[in-house]
Structures are given as C-alpha cells and as structure tokens.
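Here is a request: go through this protein and ask, for each label put on it, what value stands behind the label.

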Amino acid sequence: MLSIKSLNNLFLGVLVLMIGLFPGTLSGVANASSLRPEGVPTNYPAKEIEYIYAFSPGSINDVYIRMLGEKIQKMEGWKKGIIINYREGASGRIGWSTLAKAKPDGYSIGFAPSAMLISAVSENQPYSYDNLEFIANMMTDPGAIGVAADSEYKTLGDLVEAAKKNPGKISIGVTSTIGQEGLTMRLIEKQAGVKFNLIPFDGESAIFAGIIGKHIDGFCLNVGDTTNYVQEGQIKVLATGDTKRSNFLPDVPTYKESGFDVVQVNMRSIAAPKGTPEPIRKYLENCFLAASKDPEVQERASELKIPVDPRTGAEVKEAFATITATLQKLWKEEPWE
C-alpha cells in the first residue's frame, strides 16, 4: 500500500511530465515567464502584435526587429508573434502618425527614431515624445563629421576655423538641411559663430562621391554610414555626436570633446500609443531587452555591424525629452522650412 508521501511524489512526477510534454496543459503555465510583470493578462499576446514600420523593407532596422521578434517568440513560447506592417511615405510621417493614433491595447507597437522629433516639433505632428509610451531602444547611431582621408583638416576645430576664415565657403554635404544632419551643423554654427555652406544630396553614397572627388570639403552623417569608407581609407571622421565615443571609432573624439556642446544621435527605438497599459509596456520592454542580450542575437548583430544600444523606455523618454527641448529652442530662434 502506497503512503501519502509516495502518492505525493507520484503526483508531482506526473505533473512534471505533463508540463514537459504538454506545456499548455495547465492554465497560465505557458506564460509563467520571469519577464512577465503582475497585471499582464495570462493569455497575452492572444493575437499577433503589429509592429508599424514607417519605411520600406530591407533596412538594418527592419532586419534587427525581426531578429528580436523571433527570439522573443521562441524565448517566451508565444503562439502568436510580431508581424511587420510597412506604412511608408512622407519621410516617415505616415507610419509615425499611424502608430500614435493606434489603439493602445498592447497589440500595436512601432518604430520610433529620434529623427521623427524634428517634424514633430516644426509641424506639430501627433507623434511628439510625450504622446507615446516608449518600450526600449534598439540601437543608437551617433553623428559623424568628417572629411576626405587626405584632407588638410585634422580636427573638427580645424574645419570650424576654416569656416571662420572663409564664411559660407566651406562646403558640408548632408542628406537634408532641415534633417538631423543639417540642424546639427546649424547648432555648431551658432556656438562657433561661423557659417558653412550646407549642400543637400540625395543620399550618403552621393555625399561620399563628392568627398572623394574633392567636390565638397566635409560631411555630416552617422557613424554607420561611414564604416566601409573608413575601412577603405577613403575618408576620416573628425568627431562623433554621442555623449560617449563610438565603439566603432574609439579613437575619434566626440563633438563635446572637440569643444562643441552639441549631441547628434540617431536613436532607433520602439514605442506604443499613449495609454498602452503599463504592465504590458513593461513586459514588452523586458522581452526586447532580454532578447537583445541573447548571445545568438549579439553575435549576429556584431556580424552585421549593428550599433546595438539597449535602453529602457524611461531612458528613451528622457533622451527624447532633451532632444525635443533642443529642437524647440532652435525652432524658436531659427525656424527651418
């Protein structure tokens, strides 16, 4: 005859076997994740989570969110995963507006880069930093100001000094005079009391062709744009725009180290509509941060030279608030069109 202790052991053994063979057998067991805070529905996500992406497929941002989404679904055992909804057009405005106006039920999230704050400030768009719930930051690509490899300018100070001696004649290639790059150069101009000749190009490759061909003196882009050209010895970066040095260019000083209190970073974050329940926002934050720290994801990101920079939603909101304040001040003093 079995004792009570033996029966208990037998029951526990059967229970463990059931969980191993049929993880969804017991209510809530499949969702019993250490990442899941109190207050998240046990069946969440009960359907696919839509990730609204404001640009076309194929970018490094698109690749990385897929990597994270696949890892989260596997890691958390979700039956439903994250699907990408491409809402491109109007330089991102369509997708960002769609995100801001989506139903805040935890099933709509999207791509929220710091670059969107420019039009949010100047055009009073609905995707302002205080109208979103930030989940996490995926990557941060610092600004980069540079010149041809054999240029006479060795530092950002040299370039600024040349502009001081030759007002409006030192040409700087940017992809937009009213985008992040153009506005960064405006801030440097204001601080240094100089004037550059900002020239807009259709893309990074056209700018580098101009640099290599000696048609323009310098450029203002992002570190991620420069990697291949630096490796080929065709250009040199004089300074980078984050508050700390770039991992890809550790020997290059920041703008601040070069004497200019200007920050230029292209943060690429994930956000949800205002009003998304905090437990769900926090759960998604936990999931994305955990996935970004997974060894397989990190190895793949390193191979692709993705400037991974995981940050919490609170850290993103703080950074976006600072960027917004800078843009608002500049817009008030020198509105761009």
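The questions below concern a predicted model.

Q: How many helices and strands does the protein have, and what box do its C-alpha atoms fill?
A: There are 11 helices and 10 strands. Taken along the principal axes, the box is roughly 100 × 40 × 30 Å.

Q: What share of the residues in the protein is buried?
A: Of the 337 residues, 48% are buried, the cut-off being a relative accessible area under 20%.

Q: Why is Val160 counted as buried?
A: Buried means under 20% relative accessible area. Val160 has 5% relative accessibility, so Val160 counts as buried.

Q: Where is Val160, and which residues is Val160 in contact with, leaving aside its neighbours within four places in sequence?
A: Val160 belongs to helix H5, residues 156–165. With those neighbours left aside, its contacts are Ile188, Ala192, Val194, Phe196 and Phe260. Ala192 is 32 residues from Val160 in sequence, and their C-alpha atoms are 7.4 Å apart.

Q: Why is Asp150 called exposed?
A: The term applies over 50% relative accessible area. Asp150 has 58%, and is therefore exposed. Asp150 sits in the loop between E4 and H5. From Asp150 to Leu68 the separation is 82 residues in sequence and 40 Å in space, C-alpha to C-alpha.

Q: What makes H2 and H9 roughly perpendicular to each other?
A: Helix H2 (residues 60–76) and helix H9 (residues 278–292) pack at about 105°, and their axes are 9 Å apart. Angles of 65 to 115 degrees count as roughly perpendicular, so H2 and H9 take that label.

Q: Which residues make the contact of H2 with H9?
A: H2 gives Tyr64, Ile65, Leu68, Lys71, Ile72, Met75 and Glu76, while H9 gives Tyr283, Cys287, Phe288, Ala290, Ala291 and Ser292. By class, this contact has 10 nonpolar, 1 polar and 2 charged residues.

Q: Why are H6 and H11 called roughly perpendicular to each other?
A: The axes of H6 (residues 180–192) and H11 (residues 313–333) come within 12 Å and cross at roughly 70°. The range for the label is 65 to 115 degrees, and H6 and H11 are therefore roughly perpendicular. Leu183, Leu187 and Lys190 of H6 meet Thr326, Leu327, Leu330 and Glu333 of H11. The classes here are 4 nonpolar, 1 polar and 2 charged residues.

Q: Why are H7 and H8 called oblique to each other?
A: Helix H7 (residues 204–212) and helix H8 (residues 223–231) have axes that come within 11 Å and cross at roughly 45°. Under 35 degrees would count as roughly parallel, and 65 to 115 as roughly perpendicular. H7 and H8 are therefore oblique. Their crossing is right-handed. In this contact Glu204, Ser205, Phe208 and Ile212 of H7 meet Asp225, Thr226 and Tyr229 of H8. By class there are 3 nonpolar, 2 polar and 2 charged residues.

Q: How do you know that E4 and E10 pair?
A: Pairing takes at least two bridges. Strand E4 (residues 132–148) and E10 have 3 bridges, in the antiparallel sense. Asn137 has Arg311 in E10 as its bridge partner.

Q: Which side chains of E10 are buried?
A: In E10, residues 308–312, Asp309 and Arg311 point to one face and are buried.

Definitions and conventions: Residues are numbered from 1 along each chain as its sequence is written. This is a predicted model: local features need pLDDT of at least 70, side-chain atom pairs count only at pLDDT 80 or more; totals for chains, interfaces and linings use all residues. Side-chain values use heavy atoms; hydrogens and water are left out. Axes are lines fitted to C-alpha atoms, for helices over the stretch in contact, and angles run from 0 to 180 degrees between N-to-C directions. Helices (H or I, at least four residues) and strands (E, at least two) are DSSP runs, numbered from the N terminus. Angles under 35 degrees count as roughly parallel, over 145 as roughly antiparallel, 65 to 115 as roughly perpendicular and the rest as oblique. A crossing is left-handed if the near helix is turned anticlockwise from the far one by less than a right angle, and right-handed if clockwise. Contact means heavy atoms within 4.5 Å. Ala, Val, Leu, Ile, Met, Phe, Trp, Tyr, Cys and Pro count as nonpolar, Asp, Glu, Lys and Arg as charged, and the others, Gly among them, as polar. Buried means under 20% relative accessible area, exposed over 50%, partly exposed in between (1.4 Å probe, protein chains only).
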